Amino acid sequence: MPLLFPNFRINQVFGANTDVGKTLLTTALVRASAARLARDRNGKKVFYLKPVSTGPDDESDVAFIERHTARYSDVIESKNLYQYREPMSPHLAARLAPDLPFPKTNDHLVRGVEAYARSCVDQLGDEAGCLYVETAGGVHSPALHPPHTQSTSLRPLLLPAILVASPHLGGISTTISAYESLLLRGYTVSTVLCLHHPYYRNDDFLTPYFVERGIGFWDVRAPPEKRGTADEDKARLGEWYDYVERAGREEAGGGVKDAEAWIESKHTERVDEINSMPRRTLDQAWWPFTQHALVNKEEDVMVIDSAHGDNFDAFYASPSASAGKSMLGPYFDGSASWFTQSHGHASEPLTLAAAAAAGRYGHVLYPSGTHAPALQLTEKLLATVGKGWADRVFYSDNGSTGVEVALKMALRASGRRYGWDGESGDGVGVIGLRGGYHGDTIGAMDATPASTFNNAVDWYKGRGHWFSPPAVQFRDGKATVSASLPLDLSLPSSIPYTSASAGTWEVSFSSYAEIYDLPSRLHSPLADVYRAHMRSTLTTLAADGRRFGALVVEPTCLGAGGMVFVDPLFQACLIEVVRASSDLFSGAPDDAAYAAALSDQTQAGPDGRDAWSGLPVIYDEVFSGLHRFGYHSASDVLHHTPDISVYAKILTGGLLPLSATLASRAVFDAFLSDRKVDALLHGHSYTANPVGCAVALAAIEESEKRERAGAWDADKRHWGIGPASAASSAARSDVSGAGRWSFWTQAFVERVSRVAGVKGAMAMGTVFAVELEDNAGADYSSHAGLAFLNRLRARELGPAVAASDAGAGAGVKTDAGFAPFRIHSRPLGNVCYIMTSLFTQPAVVRAMEAAVLDELAALGRA
């Protein structure tokens, strides 16, 4: 999708408005490029493309170009992709011409432009050349496919922009608005051209405005006024073109020769900059979670030039690179940029929300104050993920610090109830799950057991007890719950299971849905086994004098711990047992009191807890919440609400760092007193940053719109969820939150689980994970996942290329759907995962499914 060729410069020409001389000046640039390149060799070297043109053929921009570049006809090629008869907005002109070719989607139009550019490169071979792509009307004039405008239609290509300023009255405002609109959408504007007007003299203001921003500005002599016969007018315009293609800057308007040279130099600078970035990075940067002794070659460095939708536009250094191949390639962001992406890169609603808040607030102080973005986000979170249980929202900057806040909340509440506080609580720990991960700050690390992530941290001191959770996977096509690591938890003969080795077991279920049908499973023999095991363990720990202040769990899935999908029954039972075990945490064991409290827990509904019992329950939903797994909150899955929950990562759709820690009224009340020192003394300088809050609010609202519109109904039906046909919003609300589903099809996951060399596979929401067999070790230190992902990344994915798509013309090919791409992701040892966004096209997911199956099959044969 992105296009950057060392010897072939491409620029997109925008007009600040209609009637600003955009085609006139583009023609001048085309001639100036032709004059420069014609000296080198014969053949087409300068190309002009009008993706969409309206009006009669003889009045089209291509016809204008051809009339006024006849001198260079052996060097210049010009083309329309789509031409409509009526001289009006493209989307309206196309409606009036149903007999003419029309691209089915905006993506097809983008593919047509890309295909034409590549055909130009093919013509050139290794020779130098350039292409000017001229838009229609102004920056925000409608494109063929509303709501796209000229600024967004070809945004996936992100071609360097040339802006033609308005010379008219009001043109300064129009031009600056157009420039800022392009800037907001990620364009690099290197050059601005403006026809000289002797009265309005817009150049007097615009020249310093753009020069101060490092942008070249050229005031170009105005063309002669039309008068006399058509031939006389053409002759005068020809003389004008002869002048402007060769002239440099002049006081009252000069030519475009220097502008064309400037544009060319900016292209060279960009190529040189990208080529130099791998080595400069290797020499100066310190990456997270990276062993620099192993990642030390320039070809290992992914240079991300831009990103759009699901893809990075990235460069990898290669000694075999050729001038005819784009330096940039599209790579599907399979790790969701470390679990943060959900709305696609450069999402326009999120970008505009950020810009509006930045322009209005910047950053402002939050303690003892408020502002609309923070307050509105607070109200939205309490009405959605916190509905029925949360009373307060505390903001911090990322998931790890959000968990630190949650721990401080829980430990204070527990200390007040059980008689320890402050320093006297030094020996207090947490209850959690082995394999859990809550972040890299010291407190969050201490809330997890020793692992690859924290063993090397000198101050690490694990504080707590962690249960080893059974995992949900498809194995050999069957939905299973298994204990892959030896557990002190044996199953009775009344529960059918298999066992591959001592201390491990596997229980098969009739369906994936059965595993997540908690109302049925909560009264099953396996639930009784889980509860007995948990209560027995906690009783032993209490007898040993161990003290605990919170239960901390990553609901549904242990993300960084290896994409372990935890048996939801295990987590639900753990919550029930902990909440029923106040007797143990208070130091007064009482089995009768426990039995009564457990009965209350198992009979309670999912909402409406007024006060916490046992220990405060923390849901670390930093990774899993807000639709990452197809649900808003884990309460929908576990049928228990937390006392504290933490959200980050996709809270802002992946645009900015922000975390929110929600707490119940009972937890909040533990900090109330007439002494300041009893307050929650935690915060950071950018607490409740208005930009982050505004983006988070926009991200949640965009997700809600998509859900209300039924955008995921077809995906849900792949998993047997929801109505069999398109449903009304009312019907959709009836099934919202009911049943687990994924953007990856169940049939695909089952097939993967049957492939030789695969231990198991799983999918939920946006996430697909596959665990590979690795005899050398099945943990984070394994290299099996990296080897597989490297093979997958080397593979180009895409639909079949169809010849001569309507409008593209002879010799030009455009694909029938999305652009070809590669997959980039990061392994978790022997576990490979790929995440979609909430907006990924189903066809893209199907293509990835096919590629994964092919590569796994090849791996199994190796």
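Let's call a residue buried when its relative accessible area is under 20%, exposed when it is over 50%, and partly exposed in between. Keep those cut-offs handy while we walk through some charged pairs in this predicted model.

Start with Asp-305, which pairs up with Arg-270 in a salt bridge whose closest N and O atoms sit 2.7 Å apart.

Now look at Glu-348 and Arg-185, whose side chains meet in a salt bridge at 3.2 Å, N to O. Again the link joins distant parts of the chain, with the partners 163 residues apart: Glu-348 is in helix α11 (residues 348–360), while Arg-185 lies in the loop between α6 (171–184) and β6 (189–195). Glu-348 comes out at 33% relative accessibility and is therefore partly exposed. Arg-185, at 12%, is buried.

Next come Glu-245 and Arg-246, which form a salt bridge with their closest N and O atoms 3.4 Å apart. Glu-245 has a relative accessible area of 3%, so it is buried, whereas Arg-246 is partly exposed at 47%.

If you want to keep exploring, the structure has 42 salt bridges in total.

Note on methods. Residues numbered from 1 in each chain as written. Predicted model: local features only at pLDDT ≥ 70, side-chain atom pairs only at ≥ 80, totals over all residues. Heavy atoms only, no water. Salt bridge = Lys/Arg side-chain N within 4 Å of Asp/Glu carboxyl O. Helix = DSSP H or I, 4+ residues; strand = E, 2+ residues; numbered from the N terminus. Buried < 20%, exposed > 50% of the residue type's maximum accessible area, 1.4 Å probe, protein only.
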